[in-house]
Amino acid sequence: MKHTIWIKNNRFTAMAVILMILLPLITALICLCIGRMSLPVSEVADTILGAARGRTDSQSYSIVMKLRMPRICMAVIVGAGLTCAGAAFQSLFSNPLATPDILGVTSGTCVGAILAILLSMGILETQLIALAFGLASVWVTLRLAGGREGSSVVFLVLAGVIISSLFNALGSLLKYTADPMDKLPEITYWLMGSFTSATYRKILIGSPFILIGIAVIYLLRWKLNILSLSEDEAKASGIDLKKTRLIFILAATLITASSVSMCGQVGWIGLLIPHCARMLTGSNNRYVIPVSISLGASFMIFIDTLSRSISVIELPLSILTAIIGAPVFISLLKKNRGILK
């Protein structure tokens, strides 16, 4: 009897893993067909196979491989990364409202990008400077919260709020000095998030940091279950709490800074998708993290497709994620917690 149950559980797990892998792939294939010029699935598949064989002279190749594919690749990486970072921070800080930018990384990254735009730097230079400022802001947060025992997580969050406010003020000051006819619209549009400038070269620069961060969190995800316990219970497990927290913080920071440096701010996904993953799997992070990665990648592909096809003018990502995310999150609260009743 036990052997039969074990086999059934293994089969269910294998099916769930296959489904989580296929979900982003199927979503990407469908969304490659959608746009201002719709293409049948067969033509998209033929174009991808033709590109693999070196055939690059068709109109479909330009649409699929040059315009839509880079955006979808970036959407997969950014969506998976932000949801992975959000799920890690929610467990790390034992706070269901924790987001990937809780330590000020998004604010710092935005300041770097604004500065680069004001200096008329190229897209790649903007990306690198934004990444550097994002990492620097979290370093300042860690230094500010250092040396505290017992309530270290609380001090870390408070330090993140302080640094985030400081960098937001610096960003507002830089925007105030920007040319209102030229630089200010560019800065404003960048801050709202978009995959318009997605290229394979840009992905190659930013994606390694995101993939490294995802790999670290995924491999150590079982430790998040321990870190979500009380301080005394976590210490009794025998792991180095300070070192383990630092590893997760650095991994999530790399993910968030790289994501924001590539496409600007994308809100809600790091908050909403981990909650959806917990509804499906429970609170065990061994399952929450991979499900969050899959759902986040699929959701971001859907949002990007919606942004470029819903109207003649492309809508920023943060607008769509807020419009969709806020009502969904409210419904989740009503259904599962009864807080808003």
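Guide: Ser120 lies in the loop that joins α4 (105-118) to α5 (123-145). The model is a predicted one, and in it Ser120 has a positive phi of about 60° without being a glycine. Most residues other than glycine have a negative phi. With a relative accessible area of 51%, Ser120 counts as exposed, because the cut-off for that class is over 50%.

Helix α7 itself covers residues 183-191, and Lys183, Ile187, Trp190 and Leu191 are its buried members. Viewed down the axis of α7, these buried residues fall within an arc of 95°, and therefore they line one face of the helix.

The next topic is helix packing. Two packed helices are described by the angle between their axes and the distance between the axes. For α3 (residues 59-92) and α13 (residues 285-309), the axes come within 7 Å and cross at roughly 140°. The cut-off for roughly antiparallel is over 145 degrees, so α3 and α13 are classed as oblique to each other. The crossing of α3 past α13 is right-handed. On the α3 side the contact includes Arg68, Ile72, Ala75, Gly79, Thr83 and Ser91, while the α13 side includes Asn285, Val288, Ser292, Gly296, Met300 and Arg308. The residues of this contact divide into 13 nonpolar, seven polar and four charged.

Met65 also belongs to α3. It has 14% relative accessibility and therefore counts as buried. Leaving aside residues up to four places away in sequence, Met65 touches Thr47, Ile48, Ala51, Ser60, Pro70 and Tyr200. Phe133 is 68 residues from Met65 along the chain, and the C-alpha atoms of the two are separated by 32 Å.

Technical notes. Residues are numbered from 1 along each chain as its sequence is written. This is a predicted model: local features need pLDDT of at least 70, side-chain atom pairs count only at pLDDT 80 or more; totals for chains, interfaces and linings use all residues. Side-chain values use heavy atoms; hydrogens and water are left out. Buried means under 20% relative accessible area, exposed over 50%, partly exposed in between (1.4 Å probe, protein chains only). Helices (H or I, at least four residues) and strands (E, at least two) are DSSP runs, numbered from the N terminus. The arc is that of the directions from the helix axis to the C-beta atoms. Axes are lines fitted to C-alpha atoms, for helices over the stretch in contact, and angles run from 0 to 180 degrees between N-to-C directions. Angles under 35 degrees count as roughly parallel, over 145 as roughly antiparallel, 65 to 115 as roughly perpendicular and the rest as oblique. A crossing is left-handed if the near helix is turned anticlockwise from the far one by less than a right angle, and right-handed if clockwise. Contact means heavy atoms within 4.5 Å. Ala, Val, Leu, Ile, Met, Phe, Trp, Tyr, Cys and Pro count as nonpolar, Asp, Glu, Lys and Arg as charged, and the others, Gly among them, as polar.
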